[in-house]
Amino acid sequence: MPKILLVEDDLTFSRLLEGFLQKHGFQVDVKKTVAEGILAVDVGSYEIMLLDYRLPDGTGLDVLNAARKKGLNFPTVVMTSFNDVRTAVKAIRSGAFDYITKPVNPEELLMIIQESMDRGKQKTDEGRPERGFIKGRSGESDKLYDYISLVAPTDMSVIIQGESGTGKEHVARSIHDQSKRASKPFIALDCGALSGELAASEFFGHVKGAFTGAFDDKKGQFESANGGTIFLDEVGNLNYAVQVKLLRAVQERLIQPVGSTKIIPVDVRILTATNEDLLSNVNRGDFREDLYHRLNEFKIQLPPLRERGKDLLIFIEHFIGLANSELGRNVKSLSPEVMEVFQAYDWPGNLRELKNVVKRVVLLSSDEFVKIEALPEEMIFSVNKPKVSTGSSDIKAVNEANEKALIAATLAQVKYNKSLAAKLLNIDRKTLYSKIDKYNIK
């Protein structure tokens, strides 16, 4: 019987969940706190961990991180309330396979558990490898997956470049899963969320007293990923001092914890991602040229959704199926007028935005076809507004103009509630404030 570690402090809910999972052939080990969960990880062996996010002595991510630090790569599903979706995104970036919101839909939970146990097998059904991501059948998709298959078995450092929402982390995970390191840890870090001092500590660890707030020794993520793969998202955001330290880690496979004289050898494969042109950053002096060339042994350029032609229909069908399963709906397809809007829209948020929009329209649809009334106002506004003229063929300028229009329309829709706008746009509030300042949105 597959064994599940369930960490949940709600006694009634955990008993219901335990009984449900046992009826479906699972052996369940129930714990109530972070401390109990970490102890269970120390002494037990599990096929999957099912972790509540909010626990009396911490969060489920503490259990996940403890397992990662011990080199244990149990597939993990995090349970969270609807209002904590941003923490769920953080969980995914920390290495969780997926998350599910409370109240839990039992059938959806079974589906996620089974998929998490199948992770790494890359099972496909008509070109759909896993939950939430689709291979597609266009020439661009074929080229992308040919590149992944080609570079995955090697130990080459790879830069994955593409717009926000194009699936850069999925590509990194696919490379890891098809590599000889697949049984070892895959650790993803968002460089955009790390300050200079914090980035160095997160990457390489620190010793007690190294800086204010360093009350204990900390093991860095490079050391935790030893033998496996480390994925650095938005690597262009790292400051110069951290770039110098990262160069040594890439070049010599040696790291030095902050405040320590100890040198630690590590065996990690480094994958990076950026939605910018790093070479332009190099030319401006914002990114070290020697580090760029070390990271750029192979580059994969992800195409935006608007350039993937017939794949859009495949993606829509797939996301409708996911939304039906999660929301208990029976939507068959989009009405012709809705499909017309979908095809005319330029999808600045790419696959991530498409998934969110499909989920919303399925939720708002009571029959088998999605009608125009279910569409977000900003989509209709964007499709119907006059095309932005930049006076040049500058793709970045056009994309920024579209992004500004989307943010402004979303803010107006939610009456300038920035927390709600950030959720609708699937970004955190810090990123939203940054873009409001950047585009001078009043």
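Reply: What follows is a set of questions and answers about a predicted model.

Me: Why is Thr410 called buried?

Reply: The relative accessibility of Thr410 is 1%, and the word buried applies to values under 20%, so Thr410 counts as buried. Thr410 belongs to helix 17, which covers residues 395-413.

Me: Which residues is Thr410 in contact with, leaving aside its neighbours within four places in sequence?

Reply: With those neighbours left aside, Thr410 is in contact with Glu378, Ala421, Leu424 and Leu425, where contact means that heavy atoms lie within 4.5 Å.

Me: Why is Gln114 called partly exposed?

Reply: Gln114, which is found in helix 5 (residues 106-117), has a relative accessibility of 41%. Buried would require a value under 20% and exposed a value over 50%, therefore Gln114, at 41%, counts as partly exposed.

Me: How far apart are the C-alpha atoms of Gln114 and Ile48?

Reply: These two residues are 66 residues apart along the chain, and their C-alpha atoms are separated by 9.6 Å.

Me: What makes Trp347 count as buried?

Reply: Trp347 sits in the loop between helix 14 (336-344) and helix 15 (350-363), and its relative accessibility is 1%. Because the cut-off for buried is under 20%, Trp347 at 1% counts as buried. Trp347 also has a positive phi of about 50 degrees, although it is not a glycine.

Me: What is the phi of Asn440, and where is Asn440 placed?

Reply: Asn440, a residue other than glycine, has a positive phi near 55 degrees, and its place is in the segment after helix 19 (429-439).

Definitions and conventions. Residues are numbered from 1 along each chain as its sequence is written. This is a predicted model: local features need pLDDT of at least 70, side-chain atom pairs count only at pLDDT 80 or more; totals for chains, interfaces and linings use all residues. Side-chain values use heavy atoms; hydrogens and water are left out. Helices (H or I, at least four residues) and strands (E, at least two) are DSSP runs, numbered from the N terminus. Buried means under 20% relative accessible area, exposed over 50%, partly exposed in between (1.4 Å probe, protein chains only).
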